[in-house]
Amino acid sequence: MSNPVITNPPSAGGYGTNVQTGQWSTGLCSCCSDMLICALGCFCPVALGCYTAVKYGENCCLGLVPGGLTAMRTHMRLTYGIEGTICNDALMTFCCGLCETCRMAREIRIQNGEV
């Protein structure tokens, strides 16, 4: 019995099944492109963190745990083929937490075809 020959090795960073562009679908400050996410972020940012985690398939508490949004952003970046680093993920969620959570929620909705 011979070993199978692999003719097409897996691509690096290809964790997800979605089209990978290397960039986020929306900008950090593009809140008005999805009014539902914008309103949720403005009036109840805690609910937005939970909503984002649930829509991504995680436990709702991930958005509340210290470092949870950073971990989710890193995983999301790898899944959707978005360029970046873990250090950048940490800085973005720490310095621009609400705007970044809105962007992550928009990205999930776009990737799922909801927008």
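Q: How many disulfides does a search of the whole structure find?
A: This is a predicted model, in which local features need pLDDT of at least 70, side-chain atom pairs count only at pLDDT 80 or more, and totals for chains, interfaces and linings use all residues. Side-chain values use heavy atoms, without hydrogens and water, and residues are numbered from 1 along each chain as its sequence is written. With a disulfide taken as a pair of cysteine sulfur atoms within 2.5 Å, the search of the whole structure returns a count of zero.

Q: Which cysteine sulfur is nearest to that of Cys96, and how far away is it?
A: Cys96 takes part in no disulfide. Its nearest cysteine sulfur belongs to Cys95, at 5.9 Å.

Q: Is Cys96 buried, partly exposed or exposed?
A: Buried means under 20% relative accessible area and exposed over 50%, with partly exposed in between (1.4 Å probe, protein chains only). Cys96 has a relative accessibility of 26%, so Cys96 is partly exposed.

Q: How are α3 and α4 oriented to each other?
A: Helix α3 (residues 68-80) and helix α4 (residues 86-95) pack at about 135 degrees, with axes 9 Å apart. Angles under 35 degrees count as roughly parallel, over 145 as roughly antiparallel, 65 to 115 as roughly perpendicular and the rest as oblique. The two helices, α3 and α4, are therefore oblique.

Q: Which residues of helix α2 are buried?
A: Helix α2 spans residues 45-55. Its buried residues pack against α1 (35-43), α3 and α5 (97-111). They are Leu48, Gly49, Cys50, Thr52 and Ala53.

Technical notes:
Axes fitted to C-alpha atoms, helices over the stretch in contact; angles between N-to-C directions. Helix = DSSP H or I, 4+ residues; strand = E, 2+ residues; numbered from the N terminus. Contact = heavy atoms within 4.5 Å.
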